[in-house]
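Biologist: I am new to this structure and would like to learn how to read its features. Could you take me through them one by one?

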Amino acid sequence: MEPILSVNNLKKYFPVYGGIFLRRQGWVYAVDDVSFDVFPGETLGLVGESGCGKTTLGRCIVGLYASTAGEINFQGSNLAKRDRQQLKSMRLKMQMIFQDPFESLNSRHTVREILEEKYRIHGVKNQHSGPQLATLLETVGLSPRALARFPHEFSGGQRQRIGIARAISLSPDLIVCDEPVSALDVSVQSQILNLLLTLQQEMGLTYLFISHDLSVVKHVSDRIAVMYLGRIVEMADRDDLFASPSHPYTQALLSAIPIADPNAPKQRIILEGEIPSPENPPTGCRFHTRCPHAMAVCQKEEPVFKPINHECDTHFAACHLL
Ligand code: SF4
């Protein structure tokens with residue numbers, strides 16, 4: 001099967017300016033040489049601590065940030081080689097759901113205006129009649145009466161439903177979900193996750209699902225990529241990753257997931273220190289400053305991202321222990 005999205009050696013560096021003359025003094029290596037494929041109809045979970053570059057990666061894919069280097073191929077086309085008009089029509093098929101539904105919705109516009117704006121920006125006509133907008137809202141579990149109301153009149157969960165309605169309004173093929181439930185109460189999170197899963201089945205959607213919460217990612221993903229300091233360090237099918245995590249960072253993340261059974265044996269791996277600055281990432285393996293298994297070679301040589309054994313072509317990790 002051909003991937004719907006193929007990201008090859010993607011880099012996104014942000015310049016750092018300082019001094020009296022505000023000259024460039026360095027770079028923040030937010031995303032540094034990341035490659036992966038997403039296949040039609042699947043959900044690829046992208047997980048890591050805050051600051052690891054996962055949101056920047058999602059924003060590069062949907063075109064909110066220009067990438068520094070690398071390729072993004074969507075439905076077989078390299079986005080960098082498309083002209084503005086072609087890019088605009090391709091963006092119709094690629095949408096984003098944001099972390100903070102309140103921030104991402106214009107508070108001075110009614111829900112009707114928010115949804116109509118999406119059609120107008122993309123030059124889509126005859127789609128924003130009242131009945132069609134009402135149907136769109138019902139699809140995400142809201143009453144059509146919501147069309148005349150403003151974002152501040154809704155709860156957080158309802159606002160995220162409006163954000164989802166906006167994302168699906170143009171019948172996309174791929175949606176980048178950037179921490180779509182992390183700003184919501186736990187009781188509402190599962191409702192939104194279940195809505196996303198239902199829409200995926202009904203509309204044949206593909207998701208890139210970004211989250212810092214492994215238990216949320218586990219609930220929705222088919223495959224999971226673990227990101228650390230701008231790089232993917234492990235990628236595998238969901239069940240495989242949870243059954244046999246190979247990278248020490250993934251092992252530490254999994255050990256931090258609470259288990260409902262208080263008698264279940266569990267040994268939490270505590271990572272010492274903070275995630276290093278992406279402005280000055282460690283040499284060799286970027287995880288060596290926190291890794292409980294670090295060896296001398298880890299400081300000097302960057303581990304290759306490769307299959308964890310010869311028989312497996314679906315489980316990859318980057319670690320000198322493998
Ligand atoms: Fe730890 Fe070394 Fe593996 Fe990096 S390469 S995760 S420092 S053992």
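Modeller: Start at the turn between β1 and β2. This hairpin has 4 residues between its strands, and G19 there takes a positive phi near 80 degrees. Helices (DSSP runs of H or I, at least four residues) and strands (runs of E, at least two) are numbered from the N terminus. This is a predicted model, in which local features need pLDDT of at least 70 and side-chain atom pairs count only at pLDDT 80 or more, while totals for chains, interfaces and linings use all residues. Residues are numbered from 1 along each chain as its sequence is written, and side-chain values use heavy atoms, with hydrogens and water left out.

Biologist: Which residues other than glycine have a positive phi?

Modeller: The general idea first. Most residues other than glycine have a negative phi. Here N9 has a positive phi near 50 degrees. N9 sits in strand β1. D33 is another non-glycine case, with a positive phi of about 70 degrees. D33 belongs to strand β2.

Biologist: In what order do the strands of the open sheet run?

Modeller: Strands of a sheet pair through backbone hydrogen bonds, either parallel or antiparallel. We call two strands paired if DSSP finds at least two bridges between them. In this open sheet, 4 strands follow the order β2-β1-β4-β5, with antiparallel pairing. β2 (23–38) and β5 (77–78) are at the edges with a single partner strand each, so one side of each lacks a neighbour in the sheet. β1 (residues 5–18) pairs with β2 over 12 bridges. Pick out two places: K12 has V31 of β2 as its bridge partner, and Y17 stands opposite R24 of β2.

Biologist: What lies across β1, β2 and β4?

Modeller: Helix α1 (residues 54–62) lies across β1, β2 and β4 (69–74), at about 115 degrees to β1. Axes are lines fitted to C-alpha atoms, for helices over the stretch in contact, and angles run from 0 to 180 degrees between N-to-C directions. Contact means heavy atoms within 4.5 Å.

Biologist: Which side chains of β6 are buried?

Modeller: In a regular strand the side chains alternate between the two faces of the sheet. For β6, M94 and M96 are buried on one side, and Q95 and I97 are buried on the other. β6 pairs in the parallel sense with β7 (residues 174–178), over 4 bridges. M96 has V176 of β7 as its bridge partner.

Biologist: Where is T110?

Modeller: T110 is in the loop between α3 (101–104) and α4. T110 is buried, at 14% relative accessible area. Beyond its neighbours within four places in sequence, T110 touches L147, A148, R149 and F150.

Biologist: How many disulfides are there?

Modeller: A disulfide is a pair of cysteine sulfur atoms within 2.5 Å. The whole structure has 0. For C52, the closest cysteine sulfur is that of C60, 13 Å away, so it is too far for a bond. C177 is in no disulfide either; its nearest cysteine sulfur, in C52, is 16 Å away. C52 is buried at 0% relative accessibility, and C177 is buried with a relative accessible area of 0%.

Biologist: How much space lies in the largest pocket?

Modeller: Rolling a probe the size of a water molecule over the atoms shows where empty space is left. On a 1 Å grid over the protein atoms alone, a cavity is a set of points where a 1.4 Å probe fits but cannot get out; a pocket is an open set with protein on both sides within 12 Å along at least five of seven lines; lining residues have an atom within 4 Å of a point. Points are joined across faces, edges and corners, and a volume is the space filled by probe spheres set on them. The largest pocket holds about 430 Å³. Its lining has 15 residues, and L64, Q95, K118, I121 and H122 are the closest to its centre. β6 (94–97), α4 (111–121) and α6 (156–168) each give two or more residues to this lining. α4 gives the most, with 4 residues.

Biologist: How many cavities of 30 Å³ or more are there?

Modeller: The count is 1. The largest cavity has about 80 Å³ of space. Its lining residues include H247, C285, C291, H293 and H320.

Methods: Buried means under 20% relative accessible area, exposed over 50%, partly exposed in between (1.4 Å probe, protein chains only).
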